[in-house]
Amino acid sequence: MALQDVCNWQTPDTPRPSVHLPQAGGWAVPRGCDPQTFLQIHGPRLAHGTTTLAFRFRHGVIAAADTRSSCGSYVACPASRKVIPVHQRLLGTTSGTSADCATWYRVLRRELRLRELREGQLPSVAGTAKLLAAMMSCYRGLDLCVATALCGWDHSGPALFYVYSDGTCLQGDIFSVGSGSPYAYGVLDRGYHYDMTIQEAYTLARCAVAHATHRDAYSGGSVDLFHVRESGWEYVSRSDACVLYRELQKARTLEQELEAKACGVHPEPATPQGARECKELFVEQEEVTPEDCAIIMKTETM
């Protein structure tokens, strides 16, 4: 005899797990509380930091990122993957909350696969960016933090879009997201041009992320480099950020020495600090004329 017949027990009518996200107002918060106010008061206050970048050029789209996942002052993972493939010709950089980024990329892959089955083809990079922005905009104000750069190749060629969790969707040639982005932009603005070669693009991306990891405390680990071509995306390399920065500094010093030798400039001999200060403070005395003596005596008399 079954347990239900003996004890008159029935299984509680609980909802089964669903693969769909709840609606914008369906998050579990206490009754009588506004979701946005509740999250602002009781939500976690953890600083996030990263350095991700992407730029478009003649031979495709380059995506690069560091590998340090930080949670406040704690390094949660030194070797995380911040560039996530979506399909064969599309990938995206992730910045923000790791759980939110991973969740929304799973949702995006599912929606793209369903659209491919219905329509027989994948949407363009622009259509994918608009789709992701529209889905995340429904959850605006619920402390969702996703900032991504979608890098892909479609019928119009290489394409790059920036999407934020509040529904922002921008198209451009250069994007850098994260706490180290100001340092990365400084390197990118100096060395970027659309007609660069593939090796120049690789060097520029590595250099930008390495300089950002050196200056930004929340970025570090290694430098992941991806290249999106017409045939699909390619994982180029993973380089240690500290070793890469030291190599860049050595190369820069050697280049400066070669330029100095080519121009025939010889370095000035080093002088002691005290002698330099005494030389700067020394003032040559001028001769006293009779007119000066008369002015001095007149002043004393007054």
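Mentor: Buried means under 20% relative accessible area, exposed means over 50%, and partly exposed lies in between (1.4 Å probe, protein chains only). The model discussed here is predicted: local features need pLDDT of at least 70, side-chain atom pairs count only at pLDDT 80 or more, and totals for chains, interfaces and linings use all residues. Residues are numbered from 1 along each chain as its sequence is written, and side-chain values use heavy atoms, leaving out hydrogens and water.

Trainee: Is Leu 142 buried or exposed?

Mentor: Leu 142 belongs to the loop between α4 (125-137) and β7 (146-154); helices (H or I, at least four residues) and strands (E, at least two) are DSSP runs, numbered from the N terminus. The C-alpha atoms of Leu 142 and Asp 166 are 9.9 Å apart, although 24 residues separate the two in sequence. Because its relative accessible area is 17%, Leu 142 counts as buried.

Trainee: How many helices and strands are there in the protein?

Mentor: Of the 302 residues of the protein, 35% count as buried. The elements of the protein are nine helices and twelve strands.

Trainee: Among contacts between residues at least 6 apart in sequence, what percentage join residues at least 24 apart?

Mentor: Contact means heavy atoms within 4.5 Å. For contacts between residues at least 6 apart in sequence, the share joining residues at least 24 apart is 63%.

Trainee: Which residues is Thr 50 in contact with, leaving aside its neighbours within four places in sequence?

Mentor: Thr 50 lies in the loop between α2 (35-42) and β1 (52-57). With a relative accessible area of 5%, Thr 50 is therefore buried. Once neighbours within four places in sequence are left aside, the contacts of Thr 50 are Asp 66, Lys 82, Ser 95, Val 177, Gly 178, Ser 179, Gly 180, Asp 216, Tyr 218 and Ser 219.

Trainee: How far apart are the C-alpha atoms of Val 75 and Tyr 218?

Mentor: Val 75 is part of strand β4 (residues 74-77) and, at 37% relative accessibility, counts as partly exposed. Leaving aside neighbours within four places in sequence, Val 75 is in contact with Arg 68, Ser 69 and Ser 70. Val 75 and Tyr 218 stand 143 residues apart along the chain, and their C-alpha atoms are separated by 8.3 Å.

Trainee: How far apart in space are Val 228 and Gly 152, C-alpha to C-alpha?

Mentor: Strand β11 (residues 222-228) contains Val 228, which is buried, with a relative accessible area of 0%. Not counting residues up to four places away in sequence, Val 228 touches His 59, Gly 60, Val 61, Arg 89, Leu 91, Cys 151, Gly 152, Trp 153 and Trp 233. Val 228 and Gly 152 are 76 residues apart in sequence, and their C-alpha separation is 6.2 Å.

Trainee: At what angle do helix α6 and helix α7 pack?

Mentor: Two packed helices are described by the angle between their axes and the distance between the axes. Axes are lines fitted to C-alpha atoms, for helices over the stretch in contact, and angles run from 0 to 180 degrees between N-to-C directions. Helix α6 (residues 198-215) and helix α7 (residues 241-263) have axes 9 Å apart, and their packing angle is about 110 degrees.

Trainee: How are α6 and α7 oriented to each other?

Mentor: Angles under 35 degrees count as roughly parallel, over 145 as roughly antiparallel, 65 to 115 as roughly perpendicular and the rest as oblique. By this rule, α6 and α7 are therefore roughly perpendicular.

Trainee: Which residues of α6 and α7 make the contact?

Mentor: The α7 side consists of Ala 241, Leu 244, Tyr 245, Leu 248 and Gln 249. The α6 side consists of Arg 206, Cys 207, Ala 210, His 211, Thr 213 and His 214.

Trainee: How many aromatic pairs does the count come to?

Mentor: Rings of Phe, Tyr and Trp (its six-membered ring) pair if their centres lie within 6.5 Å; planes under 30 degrees apart count as stacked, over 60 as edge-to-face and the rest as tilted. By this rule the number of aromatic pairs is six.

Trainee: What is the angle between the planes of Phe 226 and Tyr 235?

Mentor: The rings of Phe 226 and Trp 233 have centres 5.9 Å apart and planes at 50 degrees, so that pair is tilted. Phe 226 is buried, with a relative accessible area of 1%, whereas Trp 233 is partly exposed at 32% relative accessibility. Phe 226 and Tyr 235 form a stacked pair, 4.6 Å centre to centre, with an angle between the planes of 20 degrees.
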